[in-house]
Amino acid sequence: MEIALEDEERHRHQPNRLGEMAYGNMKERLIRGAFSPGDKLTIRAVSEMLDVSTTPARDAINRLVIDGALIYSGPKTVIVPRLRLSDLEEITQMRLALEGLAAALAVKAAGEATIEELEQLQTKIEAALDEKRYFDALWHNKEFHFAIYRLSGMPYLLQTIETLWLRVGASFNGLYPEFSETRHGARNHRAAIEALVDKDAAATRAAIENDIRDGFRQMKKITADHDQRNLSRR
């Protein structure tokens, strides 16, 4: 009887665990730029992508719709939304303030292991850019930034930054190939590593803020062009 109750309890919580895993997986993909603005996703496609049934896939989608990371375009279809220029500007202002703060706070906790990790990640980013593997570059870019931000020791700050990346992640696809050719991001990352080695909080903050501003200029161009095309159709 006791075993049967334990089995029943386990089965009752299984969908919740699967839904949580599906949500976390999709959230991470959106943050890392795995999808582009305008991409359409169905519940079935998400379930196949994550290798789960349609129930946890639907749960994940519904939560991401609430987060504002997806919008419904039909009963079983969602779209990755395009940010308006005003949205991008607001998110960028928030990123500058919060990510700059996290970077400055990270200096005290940055040791040799952190520097080595960042060096390895930056090597992976540059190799991916050389080979035009932009998805991989974005994937490692997230690891690079959050390896620094986690050192701030402020979990609520980290959570808020992650929420901003969830909204802007798809727009990171607009960085390439132009951002790869200029290598602004690579220079900013190298400057951040050097500043962390020197324990220079102001320089670390400046390097991260420059990285955000350089990315914003490219994303702004793509977003403004899209907004202008929409106006022309009216």
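This is a predicted model: local features need pLDDT of at least 70, side-chain atom pairs count only at pLDDT 80 or more; totals for chains, interfaces and linings use all residues.
Two strands pair if DSSP finds at least two bridges between them. The protein has 10 helices and 3 strands, and from the N terminus on its elements run α-β-α-α-β-β-α-α-α-α-α-α-α. Of its 234 residues, 43% count as buried. Among contacts between residues at least 6 apart in sequence, 72% join residues at least 24 apart.

**The sheet**

- The 3 strands make an open sheet in the order β1-β3-β2, and their pairing is antiparallel.
- The edges of this sheet are β1 (40-42) and β2 (71-74); each has a single partner strand, so one side of each is left without a neighbour in the sheet.
- From one strand to the next, the twist averages 40°.
- Between β1 and strand β3 (residues 77-79), the antiparallel pairing extends over 3 bridges.
- Within this part of the sheet, threonine 42 stands opposite threonine 77 in β3.
- Helix α3 (residues 54-67) packs on the sheet and touches β1, β2 and β3. The direction of helix α3 makes about 120° with that of β2.
- The pairing of β2 with β3 is antiparallel and has 3 bridges.
- Glycine 74 has threonine 77 in β3 as its bridge partner.
- A hairpin is formed by β2 and β3, with 2 residues between them.

**Helix α4 and helix α10**

- Leucine 96 belongs to helix α4 (residues 85-106), while glutamate 209 belongs to helix α10.
- Leucine 96 has a relative accessibility of 11% and counts as buried, because buried means under 20% relative accessible area.
- Glutamate 209 is also buried by this cut-off, because its relative accessible area is 16%.
- When residues up to four places away in sequence are not counted, leucine 96 touches Arg205, Glu209, Ile212 and Arg213.
- Leucine 96 and isoleucine 212 are 116 residues apart in sequence, yet their C-alpha atoms are 6.8 Å apart in space.

**Asparagine 188 in helix α9**

- Asparagine 188 is a residue of helix α9 (residues 184-197).
- With a relative accessible area of 10%, asparagine 188 is buried, because this value is under 20%.
- Apart from its neighbours within four places in sequence, asparagine 188 is in contact with Ala207, Asn210, Asp211 and Asp214.
- The C-alpha atoms of asparagine 188 and threonine 204 are separated by 9.5 Å, and the two residues are 16 residues apart along the chain.

**The largest cavity**

- The structure holds 2 cavities of 30 Å³ or more.
- The largest cavity contains about 220 Å³ of space.
- This cavity is lined by 20 residues, and the closest to its centre are Asn141, Leu175, Tyr176, Phe179 and Asp211. One of these, Asp211, is also a contact of asparagine 188.
- At least two residues of the lining come from each of α5 (112-130), α6 (134-149), α8 (178-182), α9 and α10 (201-233).
- Helix α10 gives the most to this lining, with 4 residues.
- By class, the lining of the largest cavity has 10 nonpolar, 7 polar and 3 charged residues.

**The second largest cavity**

- The volume of the second largest cavity is about 50 Å³.
- Its lining consists of Leu30, Gly68, Ala69, Val80, Pro81, Leu166, Arg167 and Ala170.
- These lining residues divide into 6 nonpolar, 1 polar and 1 charged.

Technical notes: Residues are numbered from 1 along each chain as its sequence is written. Side-chain values use heavy atoms; hydrogens and water are left out. Buried means under 20% relative accessible area, exposed over 50%, partly exposed in between (1.4 Å probe, protein chains only). Contact means heavy atoms within 4.5 Å. Axes are lines fitted to C-alpha atoms, for helices over the stretch in contact, and angles run from 0 to 180 degrees between N-to-C directions. On a 1 Å grid over the protein atoms alone, a cavity is a set of points where a 1.4 Å probe fits but cannot get out, and a pocket is an open set with protein on both sides within 12 Å along at least five of seven lines; lining residues have an atom within 4 Å of a point. Grid points are joined across faces, edges and corners, and a volume is the space filled by probe spheres set on the points. Ala, Val, Leu, Ile, Met, Phe, Trp, Tyr, Cys and Pro count as nonpolar, Asp, Glu, Lys and Arg as charged, and the others, Gly among them, as polar.
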